[in-house]
There are 2 protein chains.
Amino acid sequence: MCEANAYLIEGEEEKLVMESVDTIEPEEDGVKLTSIFGEQKFLKAVIHSLSLVDHKVFLKE
Amino acid sequence: MCEANAYLIEGEEEKLVMESVDTIEPEEDGVKLTSIFGEQKFLKAVIHSLSLVDHKVFLKE
């Protein structure tokens with residue numbers, strides 16, 4: 001499997017918002033994250049950057 | 001390894017722009033893609049969506 005953990009960048013900090021993320025899709029004024037377990041979460045943010053070998057996705061408001 | 005292929009969404013089409021992408025970082029008015037082999041590419045685009053289990057990253061101008 002090739003899932004990643006999603007972090008929200010808040011100033012100098014990176015806050016873990018979801019583990020084992022499969023898809024991230026734009027939706028209205030934010031993004032919808034879906035984990036490999038089917039868990040869903042909506043965040044008012046955009047996809048900022050990726051570091052896939054580290055299994056990290058960074059979001060930013 | 002957990003790299004993905006990056007596709008640029010152009011209308012109805014998805015054009016493969018880089019294979020085996022490791023990182024994508026914002027840079028000026030676009031993004032810089034770096035593959036696991038160290039290859040780099042700059043595109044005037046944003047990260048649109050992700051489908052990590054399918055190893056796909058979608059960019060859009």
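1. Buried area is taken here as the accessible area (1.4 Å probe) that two parts lose on being put together, summed over both. Cys2(B), Leu50(B) and Leu52(B) supply 38% of the area that chain B buries against chain A, more than any other three residues.

2. The model is predicted, so local features need pLDDT of at least 70 and side-chain atom pairs count only at pLDDT 80 or more, while totals for chains, interfaces and linings use all residues. Residues are numbered from 1 along each chain as its sequence is written, chains are lettered from A and ligands numbered from 1 in the order in which they are written, and side-chain values use heavy atoms, with hydrogens and water left out.

3. With contact meaning heavy atoms within 4.5 Å, 20 residues of chain B touch 20 residues of chain A. Across this interface the rule finds 0 salt bridges (a side-chain nitrogen of Lys or Arg within 4 Å of a carboxyl oxygen of Asp or Glu). It does find 6 residue pairs in polar contact, both residues at pLDDT 80 or more (a pair of N or O atoms within 3.5 Å, where within protein one must be able to donate a hydrogen and the other to accept it, and residues adjacent in sequence count only if both atoms are side-chain atoms).

4. On the side of chain B that touches chain A, β2 (13–27) and β5 (46–51) each supply at least two residues, and the largest share, 6 residues, comes from β2(B). Strands (E, at least two residues) are DSSP runs, numbered from the N terminus.

5. Strand β2 of chain A (residues 13–27) pairs with β5(B) in the antiparallel sense over 2 bridges, pairing being assigned if DSSP finds at least two bridges between two strands. Ile24(A) stands opposite Leu50(B) in β5(B), and Leu50(B) is also one of the three residues named above for buried area.

6. Within chain B, β5(B) is joined to β6(B) by 5 bridges in the antiparallel sense, and the two form a hairpin with 4 residues between them, where His55(B) in the turn has a positive phi of about 60 degrees. Ser49(B) has Phe58(B) as its bridge partner in β6(B), and Tyr7(B) also stands opposite Phe58(B). Strand β1 of chain B (residues 4–10) pairs with β6(B) (residues 56–60) in the parallel sense over 5 bridges.
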